[in-house]
Amino acid sequence: MTRLALLALAFALGTGAATAQQGNPGANFITQWDADEDGIVSLEEVQTRRGDLFTTFDADEDGQLSAEEFVVIDESRTANQAAMQEQAGGGQGRGLMDQEPDRALIDTNADGLVSRDEFLAATALFMSMRDRNGDNQITAEDFGRGG
């Protein structure tokens, strides 16, 4: 998948629910990650979504994310956040890969590449970064000032 296609994917995923973000912190994230649409993003849903994201960004399909592929992830995240902020009237939008754990933490064998297994093993860390109230699920309560 080309860099342009990846940026378009990130933009498309972020813009659909960006307007719901106004007055409803976390709405975009929940819309994107809550597969069963019950208002709760479970660990299983996060694991599945992260697997999908890995596949999307593994442009050369070698089962590893390289430094170059992480550049595309960062560009997609930046573009997604900018689009959401613009649509939300300058507010802070959280999108597709916001708050991804640092690559150095994911690359557990320090070989400069992140395998699918390493990426998925970081799901618990990703979840803990989002699950602000510690109930092992991500809901609207985990967003905004009170979360």
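# Why these labels fit the predicted model

User: Where is the place of Glu61?

Analyst: In this predicted model, Glu61 has its place in the loop between helix 3 and strand 1, which covers residues 64-65.

User: Why is Glu61 called exposed?

Analyst: A residue counts as exposed when its relative accessible area is over 50%. Glu61 has a relative accessible area of 71%, and therefore the word exposed applies to Glu61.

User: What can be said of phi in Asn136, and why is Asn136 called exposed?

Analyst: Asn136 lies in the segment after helix 7, and its phi is near 65 degrees, which is again a positive value in a residue other than glycine. The relative accessible area of Asn136 is 62%, and the cut-off is over 50%, so Asn136 counts as exposed.

User: How do you know that Gln32 is buried or exposed?

Analyst: Gln32 belongs to helix 2, and its relative accessibility is 13%. Buried means under 20%, so Gln32 is buried. Gln32 and Arg49 are 17 residues apart in sequence, while their C-alpha atoms are 8.8 Å apart in space.

User: And how do you know whether Ala104 counts as buried or exposed?

Analyst: Ala104 is part of helix 5, residues 103-106, and has 60% relative accessibility. This value is over 50%, so Ala104 counts as exposed.

User: What makes Phe29 and Trp33 an aromatic pair, and which kind of pair is it?

Analyst: A search of the whole structure finds five aromatic pairs. One of them joins Phe29 and Trp33, with 5.1 Å centre to centre and 15 degrees between the planes. Ring centres must lie within 6.5 Å to pair, and planes under 30 degrees apart count as stacked, so Phe29 and Trp33 form a stacked pair.

User: Why are Phe29 and Trp33 separated by about one helical turn?

Analyst: Both residues are in helix 2, residues 27-33, and because they are four residues apart there, about one helical turn separates them. Phe29 and Trp33 are both buried.

User: Why is the pair of Phe29 and Phe143 called tilted?

Analyst: Phe29 and Phe143 are 5.7 Å apart, centre to centre, with 45 degrees between the planes. Phe29 and Phe143 are both buried, and together with Trp33 and Phe126 they form one aromatic cluster.

User: How do you know that the charged end of Arg130 sits over the ring of Phe29?

Analyst: The charged end of Arg130 is 4.4 Å from the centre of the ring of Phe29, and the distance must be within 6 Å, with a direction within 35 degrees of the ring normal. The charged end of Arg49 is likewise placed over a ring, that of Trp33, at 5.7 Å from its centre.

User: What makes the buried residues of helix 7 lie on the same side of the helix?

Analyst: The buried residues of helix 7 are Thr123, Phe126, Met127 and Arg130. They cover an arc of only 100 degrees around the axis, which puts them on the same side of helix 7. These buried residues pack against helix 2, helix 3 and helix 6 (116-121).

User: Which residues touch the most other members of the largest nonpolar core, and which element gives the most to it?

Analyst: This core has 20 residues, of which Phe29, Trp33, Val41, Val46, Leu65 and Ile138 touch the most other members. Two or more residues come from each of helix 2, helix 3 (43-57), helix 4 (67-87) and helix 7, and helix 3 gives the most, with four. In soluble globular proteins, nonpolar side chains tend to be buried together.

User: How many helices and strands does the protein have, and what share of it counts as buried?

Analyst: The protein has seven helices and two strands, which follow the pattern α-α-α-β-α-α-β-α-α along the sequence. Of its 147 residues, 43% count as buried.

Methods. Residues numbered from 1 in each chain as written. Predicted model: local features only at pLDDT ≥ 70, side-chain atom pairs only at ≥ 80, totals over all residues. Heavy atoms only, no water. Phe/Tyr/Trp six-rings, centres within 6.5 Å; stacked < 30°, edge-to-face > 60°. Buried < 20%, exposed > 50% of the residue type's maximum accessible area, 1.4 Å probe, protein only. Core = buried A, V, L, I, M, F, W, Y, C linked by side-chain atoms within 4.5 Å. Arc of directions from axis to C-beta. Contact = heavy atoms within 4.5 Å.
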